[in-house]
Amino acid sequence: MALRARTLVLREIRLPLREPFRISSGVVADRRVALVTLVADEGVRSWSECVAAEGPNYSPETIDTAWMAIRDWLAPRILGRTFVAPGQVRSALDEGVRGHPMAKAAVEMAFWGLAAQGQGVSLATLIGGQRDRVETGISLGIEEEPEVLVGKARKASDLGYRRIKLKIAPGADLPFVEAVRGALGGEAPLMVDANSAYRLDDLDTLRSLDRFGLIMIEQPLAPDDLVRHARLQRELATPICLDESITSLERAEDMVELCSGRVVNIKPGRVGGFATSIAIHDFCRARGLPVWCGGMLETGIGRAYNVALASLPGFSLPGDLSPSARYWERDIVQPEWTMDRNGTVAVPLDEPGLGVAIDEDRIEDLTVRSEVLGPPG
Ligand code: OSB
Ligand code: MG
């Protein structure tokens, strides 16, 4: 099946999180999610999700900029065009369009979903995924009091999560980490994520984190600051993991060359899709650098892509791949994503495509706007 779409449907749904999620730069309670549906010539439909948030606090993109980018620039570059393989889509999206990786990723990943369906294989199989289960970590948002965070960390530990990540920010760091470390014990796999909330001036605080034996500290400094991350890494025993900074394969190469960190968080939305995600995975694997799959509070659709990606052999650390029930009262896929007592999520290796059915009726109920886009001209 040649990869060709004649229609792209853009939809926005509203989905309330079960509990608000606070990171250093903002809080989200109700998610506004953009969904993409590619309709192929044969009537086959492929769904994907755009991970851009409502506001530009994690990245400059938002759901509204992504919507505009897909409608005005990206859809016209791919509709009616034939691709031999999904790996070719990104260069078409890049023609005369800089940036907008989350918008590009939503479109590009839908082609990977389409290719998997066309070949009758699972998305994981299509990309060379091998694991039939992926290890799951939880990301816990910033709380008012350490005791509240400790309660959530204990519960996560009881549920079987393979590692616990605490969001931190100046004013919500050392006492929180200390309390959780004390409650869970010295062996519990623990890490922190600062979402770029610190500066090199905060070196004392960041150095103090070393005593908690964290697996890693994620993105302490600014997204575009590989040089200062390298300086910081020289001062810290704890490995730095980069998230926001890694926007392309080249940035991962720079990170290695400059020694700006020792671990990479791969989020397909942040890097513009699966082709670049796989390229970063391959590069890090060849260099012996661990990678793991980050999350953006995805619905079950985006989660299908993340789970498939995390089945690649280089994803050697637990990902932010929580089950549906962590986020939603009810997901928009069937079956919902679940986690077993060992903190692993099954990869639907033997199901063609995403491996979950899209609950189109529910999506219809949740939709607040939609646009049907056809080939240009
Ligand atoms: O930095 O990893 C992050 C959520 C929104 C924006 C940024 C991040 C996150 C998470 C959530 O940590 C992880 C998840 O989806 O469970
Ligand atoms: Mg992060």
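1. Trp328 is buried, for its relative accessible area is 1%. This value, like the others in this note, is computed from a predicted model.

2. The residue Tyr327 is also to be considered. Its relative accessibility is 8%, so Tyr327 counts as buried, the cut-off for a buried residue being under 20% relative accessible area.

3. The structure holds four aromatic pairs. One of these is formed by Phe83 and Phe111, whose ring centres lie 5.2 Å apart. Their planes stand at 75° to each other, and the pair is edge-to-face; an angle over 60 degrees places a pair in that class.

4. Where in the chain do Phe83 and Phe111 lie? Phe83 belongs to strand 4 (residues 82–83), whereas Phe111 belongs to helix 3 (residues 101–119). The pair therefore ties together parts that are 28 residues apart in sequence. Are Phe83 and Phe111 buried or exposed? Both residues are buried.

5. Tyr327 and Trp328 form an aromatic pair as well, with 6.0 Å from centre to centre. The angle between their planes is 35°, and this pair is described as tilted.

6. Aromatic residues also occur as a group: Trp112, Phe274 and Tyr305 make up one aromatic cluster.

7. Two arginine residues should be noted with regard to tryptophan rings. The charged end of Arg369 is placed over the ring of Trp67, at 3.8 Å from the ring's centre. Arg163 lies over the face of Trp292, and here the distance to the ring centre is 4.8 Å.

Terms used: Residues numbered from 1 in each chain as written. Chains lettered and ligands numbered in written order. Predicted model: local features only at pLDDT ≥ 70, side-chain atom pairs only at ≥ 80, totals over all residues. Heavy atoms only, no water. Phe/Tyr/Trp six-rings, centres within 6.5 Å; stacked < 30°, edge-to-face > 60°. Helix = DSSP H or I, 4+ residues; strand = E, 2+ residues; numbered from the N terminus. Buried < 20%, exposed > 50% of the residue type's maximum accessible area, 1.4 Å probe, protein only. Lys NZ or Arg CZ within 6 Å of the ring centre and 35° of its normal.
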